[in-house]
Amino acid sequence: MTDTHAIASVPMRWVGPLRITGNVADTEIHVPLATYESPLWPSVGRGAKVSRLAEKGIVATLVDERMTRSVLVEATDAATALAAARTVEARIDELREVVRGCSRFAQLIGIRHEITANLLFLRFEFSTGDASGHNMATLASDALLAHLLQTVEGISYGSISANYCTDKKATAINGILGRGKNVVTELLVPREVVASVLHTTAAKIVELNIRKNLLGTLLAGGIRSANAHYANMLLAFYLATGQDAANIVEGSQGVVMAEDRDGDLYFSCTLPNLIVGSVGNGKGLAFVETNLTRLGCREDRAPGENARRLAVLAAATVLCGELSLLAAQTNPGELMRAHVQLERDNTTAKAGV
């Protein structure tokens with residue numbers, strides 16, 4: 001008989017430590033990465049080593065945080081839709097009370113709208129404490145939608161989810177308006193560290209970032225994104241910490257910036273759609289609880305602080321892997337040699353050779 005409750009096992013290692021400072025955390029810490037791509041561990045490890053050799057480490061700045069859910073209502077015509085939108089925005093304090101009545105932690109912090117023909121798309125924005133907030137936002141939006149249908153004239157039900165959020169899809173709106181945690185990470189690498197650890201120069205990384213991440217992504221039609229492989233680090237971090245892995249779709253949208261500062265390398269990764277939570281679905285497994293505890297994300301803090309810490313740890317991990325990969329790609333053959341060697345060693349070890 002098939003076991004419908006089996007657990008899928010993914011290899012996991014702790015990498016680091018990473019040196020992180022900023023407006024959320026000041027720490028030196030190892031991070032867990034669960035992945036089948038074994039070269040990711042030493043690659044992120046190299047970035048972590050660089051972070052420890054920089055004066056301030058990785059400076060992680062949490063810029064904003066909000067979870068969103070959009071709903072759809074149908075109006076009799078566009079003019080009625082506009083009148084309804086203005087009514088909704090004027091009654092935000094009343095709508096905040098509706099949200100307080102259905103959740104201890106969700107707070108309505110903003111409303112956006114879009115009108116197409118006679119359709120009104122409403123995008124509700126919430127703070128959700130330490131949860132990533134998907135279910136919390138949907139529950140609150142359901143209550144808001146029911147309230148609006150009863151109290152606003154000229155509209156009828158369209159959908160509880162209208163794809164204007166946007167959840168688990170690569171879109172422009174999330175990067176513009178924000179969804180999840182918006183974190184900017186920065187690292188200033190001394191020229192001697194660029195040479196000795198990354199085996200390259202600041203000028204080469206800057207040139208590659210322009211040609212590959214910026215121009216290459218533009219030619220490919222990327223959506224508000226210019227990076228090499230955010231998704232690799234995010235997926236590994238998400239699987240190790242009990243996150244909804246499908247959120248790497250929007251989470252991996254982000255921009256890398258690099259500058260040559262007289263031989264020193266300024267390197268930055270912006271992640272505007274980083275969706276993480278330290279409580280909620282996915283956190284009941286023992287290894288997840290252990291990992292979150294070791295990361296310091298299960299402490300007795302004010303609501304939201306553990307999730308913010310988790311977000312900056314994830315963002316710093318992304319920077320480590322991004323920097324290491326770009327450095328490798330400035331040198332012909334380095335990336336492939338590393339993959340072949342590391343994967344061969346891994347296969348040999350498993351075979352017991």
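Trainee: Which residues line the largest cavity?
Mentor: The lining of the largest cavity consists of Glu65, Arg66, Met67, Phe126, Ser127, Thr128, Ser132, Gly180, Lys181, Leu274, Ile275 and Val276. A cavity is a set of points on a 1 Å grid over the protein atoms alone where a 1.4 Å probe fits but cannot get out, and lining residues have an atom within 4 Å of a point.

Trainee: Which elements give two or more residues to that lining?
Mentor: They are strand 3 (58-75), strand 5 (119-127) and strand 7 (180-189). Strand 3 gives the most, with 3 residues. Strands are DSSP runs of E with at least two residues, helices are runs of H or I with at least four, and both are numbered from the N terminus.

Trainee: How much space lies in the largest cavity?
Mentor: About 90 Å³. The structure holds 1 cavity of 30 Å³ or more. A volume here is the space filled by probe spheres set on the grid points, which are joined across faces, edges and corners.

Trainee: What should I keep in mind about the model itself?
Mentor: It is a predicted model, so local features need pLDDT of at least 70 and side-chain atom pairs count only at pLDDT 80 or more, while totals for chains, interfaces and linings use all residues. Residues are numbered from 1 along each chain as its sequence is written, and side-chain values use heavy atoms, with hydrogens and water left out.

Trainee: Changing topic, how many salt bridges are there?
Mentor: The count comes to 16 salt bridges, each being a side-chain nitrogen of Lys or Arg within 4 Å of a carboxyl oxygen of Asp or Glu.

Trainee: What does arginine 91 pair with?
Mentor: Arginine 91 forms a salt bridge with glutamate 94, with 2.8 Å between the closest N and O atoms. Arginine 91 is buried at 18% relative accessibility, whereas glutamate 94 is partly exposed at 33%. Buried means under 20% relative accessible area, exposed over 50%, and partly exposed in between (1.4 Å probe, protein chains only).

Trainee: And where do aspartate 93 and arginine 96 lie?
Mentor: Both are in helix 3 (residues 92-100), 3 residues apart, so about one helical turn separates them. Aspartate 93 is exposed at 53%, and arginine 96 is partly exposed at 25%.

Technical notes
On a 1 Å grid over the protein atoms alone, a cavity is a set of points where a 1.4 Å probe fits but cannot get out, and a pocket is an open set with protein on both sides within 12 Å along at least five of seven lines; lining residues have an atom within 4 Å of a point.
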